[in-house]
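Reader: I'm new to reading protein models, so please take me through this one slowly, beginning with the words I'll need.

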Amino acid sequence: MDFTTQLLIAAISAGTPLLLATLGGILNERAGIIQLGAEGLMLMGAVTTCIVYIRSGNLLLALLAAIAVTAVLGLVHAFLCVTLRANQTMSGLAMTLFGSGLSAYLGKSISGIPLPGTSPKLDLGWVKGIPVIGDIFGRMDGLTWFSLLLVLVLHLLIHRTSWGLHLRAVGDSPATADVMGIRVQLIRYSYIIAGTALIGLAGADMVLAYAPTWNEGLTAGRGWIAVGLVIFARWNPLRALFCAYFFGALDSLGFRIQLLGSIIPPYFLKMIPYVVTILVLMYLGYRNRNKPTGTPESLGTPYIREQRF
């Protein structure tokens, strides 16, 4: 395989956790709730997957455990932000700090232990014969195919169904949605829990398909990149697909450049995706400074039913 094909394969592998985390963030923020806890949630999903998979040897059980643990954390976040009307930014940051600390503590006993297996790959023999496409899509793992299917499902859900209309209404004007008979709190709870579960699944994908062992700080800031990608994708699942793979390619580019014998220090190469994230957000902010950004209009604003606006 040539350099470009290898980079595309690596971009999909590195981009899939970002894609799942970005989709989870979109569900949260479409409901009007800021999600800054992606880093901690990904770490909790990763460490839970490692612990359960190493102890039980059952991959499905490990994935379900990661989803369940992060869904419970999502429930806590929903309770704080929706019921108690706490500051959403502080709640998200607390989730990141809590997840980072607890995952480091729980992962001490399994640090460096390889997992019994990885995410199973779907062997599509009829695709392998196609040049380039066969190399890229012929051996993708199950979670990658799931993320691609999820992009399509969420796009149709948000933009083509009544459920998606209710979700967008709650994110833009919860008071109006409430008057129309939409259960604002139920929708916010549901999508916060579903979104955090997806972010936890992103952490599981990192240890199953990207780095098959637990190490403290495994995500290395990718949760924060996912937070930026939600904005970069303008809260659109289809845009999230291209954005995640683009940053996945940047994440893999540094390693590929090292293989070519570059004299650039590896520390600078590892900075590429993070620096580009900052530059892209700055560019988009300047370019769209006088245009609608697509941000849910009530994002970060607690809904108080009794309050008059």
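Author: Helices (H or I, at least four residues) and strands (E, at least two) are runs assigned by DSSP and numbered from the N terminus. This is a predicted model, in which local features need pLDDT of at least 70 and side-chain atom pairs count only at pLDDT 80 or more, while totals for chains, interfaces and linings use all residues. Residues are numbered from 1 along each chain as its sequence is written, and side-chain values use heavy atoms, with hydrogens and water left out.

Reader: OK, pockets then: which helix gives the largest share of the lining of the largest pocket?

Author: That is α12, which supplies seven residues, the largest share of the lining. A pocket here is an open set of points on a 1 Å grid over the protein atoms alone, with protein on both sides within 12 Å along at least five of seven lines, and a lining residue has an atom within 4 Å of a point.

Reader: How many residues line it altogether, and which lie nearest its centre?

Author: The largest pocket is lined by 17 residues, and those nearest its centre are Tyr 210, Arg 222, Asp 251, Ser 252 and Phe 255. The elements giving two or more residues to this lining are α1, α12 (237-259), α13 (266-270) and α14 (272-287). By class, the lining divides into nine nonpolar, four polar and four charged residues, where Asp, Glu, Lys and Arg count as charged and Gly is among the polar ones. The volume of the largest pocket is about 390 Å³, taken as the space filled by probe spheres set on the grid points.

Reader: Switching to α2, why is it called largely enclosed?

Author: Because 16 of the 19 residues of α2 are buried, the helix is largely enclosed by the rest of the structure; buried means under 20% relative accessible area, exposed means over 50%, and partly exposed lies in between, all with a 1.4 Å probe on protein chains only. Helix α2 covers residues 38-56, and its end C-alpha atoms are 26 Å apart, in agreement with the 27 Å it should span at 1.5 Å a residue. That expected span is 1.5 Å times one less than the number of residues. Just after α2, Gly 57 takes a positive phi of about 75 degrees.

Reader: And how does α10 do on length?

Author: Helix α10 (residues 184-210) has 27 residues and reaches 38 Å from its first C-alpha to its last, close to the expected 39 Å. It is mostly covered as well, since 20 of the 27 residues in α10 are buried.

Reader: Which non-glycine residues with a positive phi can you show me?

Author: Arg 234 has a positive phi of about 55 degrees, and Trp 235 has one of about 60 degrees. Arg 234 sits in the loop between α11 and α12, and Trp 235 is also found in the loop between α11 and α12. Arg 234 is partly exposed, with a relative accessible area of 25%, whereas Trp 235 counts as buried at 4%.

Reader: Going back to distances, how far apart are Ala 68 and Ile 193 in space?

Author: Their C-alpha atoms are 9.7 Å apart, although 125 residues separate Ala 68 and Ile 193 in sequence. Ala 68 belongs to helix α3 (residues 59-83) and is partly exposed at 40% relative accessible area. For Gly 112 and Tyr 191, which are 79 residues apart along the chain, the C-alpha separation is 34 Å. Gly 112 lies in the loop between α4 (88-106) and α5 (125-128), and at 46% relative accessibility Gly 112 counts as partly exposed.

Reader: Last topic, the cysteines: are Cys 81 and Cys 243 buried or exposed?

Author: Cys 81 counts as buried at 2% relative accessibility, and Cys 243 is buried with a relative accessible area of 8%. Taking a disulfide as a pair of cysteine sulfur atoms within 2.5 Å, the count comes to zero disulfides.

Methods: On a 1 Å grid over the protein atoms alone, a cavity is a set of points where a 1.4 Å probe fits but cannot get out, and a pocket is an open set with protein on both sides within 12 Å along at least five of seven lines; lining residues have an atom within 4 Å of a point.
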